[in-house]
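Welcome, and please open the structure in your viewer. We will walk through it one selection at a time.

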Amino acid sequence: MASTTLPDVSTRRQKAGIAPLEYTRRLWLQLILAGSFVFLYFPIFALIAFSFNDSKRNITWQGFTFDYYVKAFTNSSLHEAALNTLIIASISTVVSTVLGAMIGLVLQRYRFPGKGGYDGLIHLPIVIPEVCLGVAMLAFFSAISMPLGIATVTISHIAFSFPFVAVVVRARMEGFDLALEEASRDLGASEWQTFWNVTFPYMVPGVVAGALLAMTLSLDDFVITFFTSGPGSTTFPVKIYSMVRFSVTPEVNAASTILIVLTLALTVAAMMIQSRSDKKTKKANG
Amino acid sequence: MVQTRKVKAFGPDVGTDRRKPIIEIRNVVKAFGAGVRAVDDVSLDIGEGEFFALLGPSGCGKTTLLRMLAGFEVPTSGDIMIAGERMEGVNPNRRPVNMVFQSYAVFPHMNVERNVGYGLRVTGVAEAEIKTRVAEALSLVKLGEFGKRMPNQLSGGQRQRVALARALVKHPKVLLLDEPLSALDAKLREAMQLELVRLQKTVGITFVIVTHDQDEALSMANRIAVMEKGKVRQVAPPADLYEFPNSRFVADFIGKMNLFEGRVSGVQNGNLQIDIKGLDRVAVPFTGSASGNIAIAIRPEKVKLGQTDPGGDNVRLRGRVTELAYYGNESHVYLENQTGMPISVNLKNATRTTLPSISIGDELWMSWAPTDTLVLTE
């Protein structure tokens, strides 16, 4: 049966002369593509455009101005929120990078009892809905009666960031030749020297990419921060949300645009570091 | 021990060397998990300045044995002494040996100079001394110009030279080489074989090489240990190993061998009388003791082919040519006797006109001298 139907398919395809996903030659695929781009990016472009709108209500375009950037930069409560965000993000990044790098290495390298279960648990914060994690964190902090503040937000951020670092570092170490460590030991290096001279330099691209990922996650996290922050520990995203509740002014747009630019820069940096190190590794192996 | 007149001419086939041993392996066992013995009660002495090869099929335990010398594996039982010192509890970084890895393990983020100098730098040698020793080592492996290159700018052969220089710069008492040539192509491999022998003569230290390639072992080493299933089957110089293998396994593993199973029927005038299926009774000079089921063996290049019965006291049999293979320098003729026993014969194409005028289906006489016949009791 297969032998009789197969030639049919090939002749039909030949007649059309277009591969199934050759979007440049199919109008309906192009429309879908254009539609999804509009839905994805129009709101973002509108947000950025209207941050320059010279109007209080921000519904109709009135004219170009930088006023709201000036306003956003001089808003002391936004300053405080930005400072909180930076403090939280930097502590969370450092801690989750160190923790995640170690866990990534351990999971890639060693076998130990209960590894399967531990491996699964590590990925839990990546998988479970943020709301659940937020509620769980809140319940936990109130159970141990820890006052909500910068500390609780930071701890929560570390909790959901380090698994991402672990995943990235682990993937990086998959390509590592263990003979390199043996060679180092053979040449007279201690285990400590071997780690810093041979293993760590190989890990670095993974660690940097993981750190940038952790930083972006912490910078723009809203849900978990919303649950775990207290008075005086409001972060930038949460602050923007509370501003929107009063009125949607271009100041909100301006603040959001700053956040977008910051996260975008970090993400691009992470991607560039990863792709450059991948190329290098391929070249070295080839 | 198998000993005929000819064996004596080659010297005794024994597992020790008259030189002072630099490595002494005593009853070493390495067990992985339950019951799996990768190395099974191995005892060996390796002399100072030897080029020693551990040869065997994959999974025979040769690499595990080498890794125990380097300190990456710990023997389950038994002793290893290097330069007169027990190696038990001595970490790899404290042993007077250095290793060249199969994958070369050249550090990808360091240039050639940093790679070669690494072993000196981590042990706190002064920078000035590192510089001169690295230059020395690089010129030894003919990489003097390549000091500033990164490993990804080098060919496989060059990376291997870096690995060699990096190990030799430490002035080890023993250099361990784990299948060093397996990743190179055939031409380069042969060049590197000569290069390694030259290098060993220059630096004068002991080389221990692990290989599954018998040609490599025969051409480079001055003594070879053949391993099978974790045990050492035979330790001998290359020529002894080839001409006087002590077992069916070694005979079959080193080169090609025609093996005939048979039974001892008696001894006459110092000649062992052996009944072999499909052959007449064969008389072979033999001074050891043998009885029951044994095998006789003959190398393919020692068999003569002829149209007529050669007569004399030669071992003779008739067979039909089933296959011919031309290799340029040699032609291999595959024959079968009446009972279907396969025999292969190698003919040298010594001159242009020696192409054998043999075709498939020819009935020919095969013969060889009784003294070329090997008796294998194991």
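The tour starts with chain A and then turns to the sheets of chain B.

Before you select anything, note that this is a predicted model, where local features need pLDDT of at least 70 and side-chain atom pairs count only at pLDDT 80 or more, while totals for chains, interfaces and linings use all residues. Residues are numbered from 1 along each chain as its sequence is written, and chains are lettered from A and ligands numbered from 1 in the order in which they are written.

**Stop one: chain A.** Select residues 2–50 for domain 1 and 69–285 for domain 2; such bounds come from an automatic or database domain assignment. The C-alpha centres of these two domains of chain A are 36 Å apart.

**Stop two: a four-stranded sheet in chain B.** Here strands (DSSP runs of E, at least two residues, numbered from the N terminus) pair if DSSP finds at least two bridges between them. The open sheet runs β2-β1-β4-β5 in chain B, with antiparallel pairing. β2 (36–47) and β5 (85–86) of chain B are at its edges, each with a single partner strand, so one side of each has no neighbour in the sheet. Now select β1 (residues 21–32) of chain B: eight bridges join it to β2(B) in the antiparallel sense. Pro21(B) stands opposite Gly47(B) in β2(B).

**Stop three: a five-stranded sheet in chain B.** This open, antiparallel sheet has the order β13-β12-β11-β14-β20 (chain B). Which strands stand at the edges? They are β13 (282–285) and β20 (374–376) of chain B, each with a single partner strand. Finally, select β14 (residues 293–298) of chain B, which pairs with β20(B) in the antiparallel sense over three bridges. Ala297(B) is found opposite Leu374(B) in β20(B).
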